[in-house]
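This report describes selected local features of one protein chain. Please keep the sequence and the three-dimensional view at hand while reading.

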Amino acid sequence: MNKNLILILMLFGFISVEKTSAQKRPNIIIMMSDDQGYGDIGGHGNPYLKTPNMEKIGKEGVEMTHFFSYPNCSASRAALLTGRYPYRTGVTAVTQVDHFMHTTETTIAEVLSENGYKTGIFGKWHLGDNAPMRPTDQGFQEALVHKGGGIGQAAGPAGNTYFDPILEHNNVSTKYKGYCDDIFTDAALDFMSKKDGKPFFTYLATNLPHFPLQVPDERAAPFRKMGLHEDNALTYGMIDNIDYNVGRVLSKLKELGIEDNTIVIFLSDNGPRTRRTKNDHYPGRWVANLRGTKTSVYDAGIRVPFYVKWPGKIRPKNKTATMGAIIDLFPTLLDAAKVASPKNRKIDGTSLLPLWTKNDTESLQERDFVVQMHYGPTPFKYMHFSLRTPKYKLVSPHDSPHGIVHQPTDFELKNVVKNLELYDVENDPSERINIAKEHPSIVNEMLSRYENWFDEVTEERDARGIQKIYLGNKIQPHVNLSRFDWGGPRVISRFDYGGPRVVEDNQLGYWQVKTEEGVYNVSYDLPILENGGVAHLKYGKVHLKLPLNKNQKRIVFKNVKLPKGEGNFHAYIKADRLPVGPLFVDVVRLDL
């Protein structure tokens, strides 16, 4: 085209260089399921379950058969969004302060948003419900999510279920009609359908098939007819619902005419959930001959389904056993969008784009992927970790990682390192033959690499401390504090899904906060009070008390003056000598 003509067309707005450039960048869709194991795929040998739409992505692109994530929800999400080991980001586990991602982290949503993308999340966030940790604080322009780690948990609201749930739409609690997975998908499709000339990043993170096992009967009925255990029938019904909605997303891309310029990824966050010991399985659950479950560092806990397609860029019907990891998605997708990674952050992942588009495996041949998981805000070296390479895997297993909350004794640690397990996962993918005694030099060398990793990632986390919840800040004047987010020595993590008493009543915790000086109303939703008592509010030098009557449901401390500062926010009830916590605490600043 003649240069003068181009200038004339630009002058009159017929050509926009910026807009044209932006439209050439690929749209990006990440669909992530919640607690769907590698064996929960029809094509992975599952004799009961069919997942044609998930598998279609791989048939039209690449399936990575050895893709690894973290063994719990929050850690996997932090790794995906930042490209960094979760311990760096502040995330260790899934409740209390353990799932708080530090606000100084840079997410892929922030990077893409700053480079002309519209960004949306639909489903599960699980990295902090209050400012400055919400998805809208971390780069998502549109957000429809549930609180906490799952609907029905202690993050509230109490009594919420997968049907007609209360969800958070751009930080406003809203009641919806329908089944949660369908609601999230509807919102994602609406988001992608808006024609504004911008490429989009859609993060559709369903909360299925996470507990509680709630699904429309018509989804579970075919599996009940097969004679399956009820837990499996419900779980497979939920996965069937996910597959249905994956199909809706793929159809919408064709309908909109944008299929060829859209990267589509499907994966799970970790392995299948069952009892709290974690190294077991559902009765009759197909696990593709892998060992372990969710929160286990054996492969069934961390090896997840992974499919990606990008028409014209990724050759279809490709399958690779090259090891990939969830920390790789951040650099890979920025590479595909031709956007630079942040320079002020250590990115642990490696771009998979050469593998996807050219089958180039050179940069992925010799690499480590380290997994460690525990509960409580402090990681302990050597406890419940694995270091995996394409060939070998060093494992320090633990039957109850939820119980690793105190510093182990030297006696215990000596026993742990003495009994480390080593597997040749190339030839023993089920991790049945422990070869540690035959190869002590390999164990020692891999252990040294783990020790160096642990020191590096935990020191970065410790230097920044635990992310504080903001109280009285303009970006969130009304804060709801739940038992899901408190810390302290008497806190436990047991949930009664769907009921108002979501944590045992004899527990007590506090919230780590950063306050702005101001005037507040502070109200408590109370547990059952058989004999009345006294409500206490303590923060710094502030200590207020109000009397409580028998069976009282709510108490309000009015016009409370709080100072500017940081500390532990204590809200508790004394109905006996041993104090207990409220169910929820609302903190509302009045003088903004």
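## Contacts between separated positions

S430 has a relative accessibility of 18% and therefore counts as buried, since the limit for that class is under 20%. The residue belongs to the loop that runs between strand 17 (421-424) and helix 14 (440-464). S430 and A300 are separated by 130 residues in sequence, yet their C-alpha atoms are 8.8 Å apart in space. The model discussed here is a predicted one.

A second pair involves L189, which is located in helix 7 (residues 180-193). With a relative accessible area of 8%, L189 is buried. Its C-alpha atom is 9.8 Å from that of L204, a residue 15 positions away along the chain.

## Strand pairing

Strands of a sheet pair through backbone hydrogen bonds, in either the parallel or the antiparallel sense. An open sheet of three strands has the order 10-3-13, with mixed pairing. Strand 10 (303-304) and strand 13 (324-325) are the edge strands; each has a single partner strand, so one side of each lacks a neighbour in the sheet. Strand 3 (residues 67-68) runs parallel to strand 13, and two bridges join them. Within strand 13, A325 is the residue opposite F68.

Strand 11 (residues 306-309) is covered on both faces: F306 and V308 on one side, and Y307 and K309 on the other, are all buried. In a regular strand the side chains alternate between the two faces of the sheet. Strand 2 (residues 62-64) pairs with strand 11 in the antiparallel sense over two bridges, and V62 has V308 as its bridge partner there. Strand 9 (residues 262-268) is also antiparallel to strand 11, to which it is joined by four bridges. In that pairing, L267 stands opposite F306.

## Salt bridges

Side chains of opposite charge can pair when their charged atoms come close. The model contains 36 salt bridges, counted where a side-chain nitrogen of Lys or Arg is within 4 Å of a carboxyl oxygen of Asp or Glu. In the bridge between R554 and D525, the closest N and O atoms are 2.2 Å apart. This pair links distant parts of the chain, with R554 in strand 25 (residues 554-562) and D525 in strand 22 (residues 518-525), 29 residues apart. Both partners are partly exposed: R554 has a relative accessible area of 38%, and D525 one of 23%.

E230 and R224 form another salt bridge, with 2.9 Å between the closest N and O atoms. E230 is partly exposed at 36% relative accessible area, and R224 is likewise partly exposed at 32%. The bridge between D462 and R461 has an N to O distance of 3.9 Å. Here D462 is exposed, with a relative accessible area of 51%, whereas R461 is buried at 6%. Salt bridges also connect R84, R88, E105, D348, E456, E460 and R464 in a network.

## A positive surface patch

K538, K545, K574 and R577 form a positive surface patch. One of these residues, K538, is placed in strand 23 (residues 533-539).

## Backbone exceptions

Most residues other than glycine have a negative phi, and most peptide bonds are trans. The peptide bond from G156 to P157 is cis, with omega near 0°. P157 lies in the loop between strand 5 (142-146) and strand 6 (166-169). L208 and P209 are also joined by a cis peptide bond, for which omega is about -5°. P209 is part of the loop between strand 8 (200-205) and helix 8 (217-225).

Positive phi values occur at D164 and N171, neither of which is a glycine. For D164, phi is near 50°; this residue is in the loop between strand 5 and strand 6 and is partly exposed at 26% relative accessibility. For N171, phi is about 75°. N171 is found in the loop between strand 6 and strand 7 (172-175), and its relative accessible area of 37% makes it partly exposed.

Notes
Residues numbered from 1 in each chain as written. Predicted model: local features only at pLDDT ≥ 70, side-chain atom pairs only at ≥ 80, totals over all residues. Heavy atoms only, no water. Patch = residues over 30% accessible without salt bridge, like charges linked within 9 Å, V, L, I, M, F, W, Y side chains within 5 Å. Areas by Shrake-Rupley, 256 points an atom, 1.4 Å probe, with all protein chains shown as cover. Lys, Arg positive; Asp, Glu negative; His and termini not counted. Charge placed at Lys NZ, Arg CZ, Asp CG, Glu CD. Pairing = 2+ DSSP bridges. Buried < 20%, exposed > 50% of the residue type's maximum accessible area, 1.4 Å probe, protein only.
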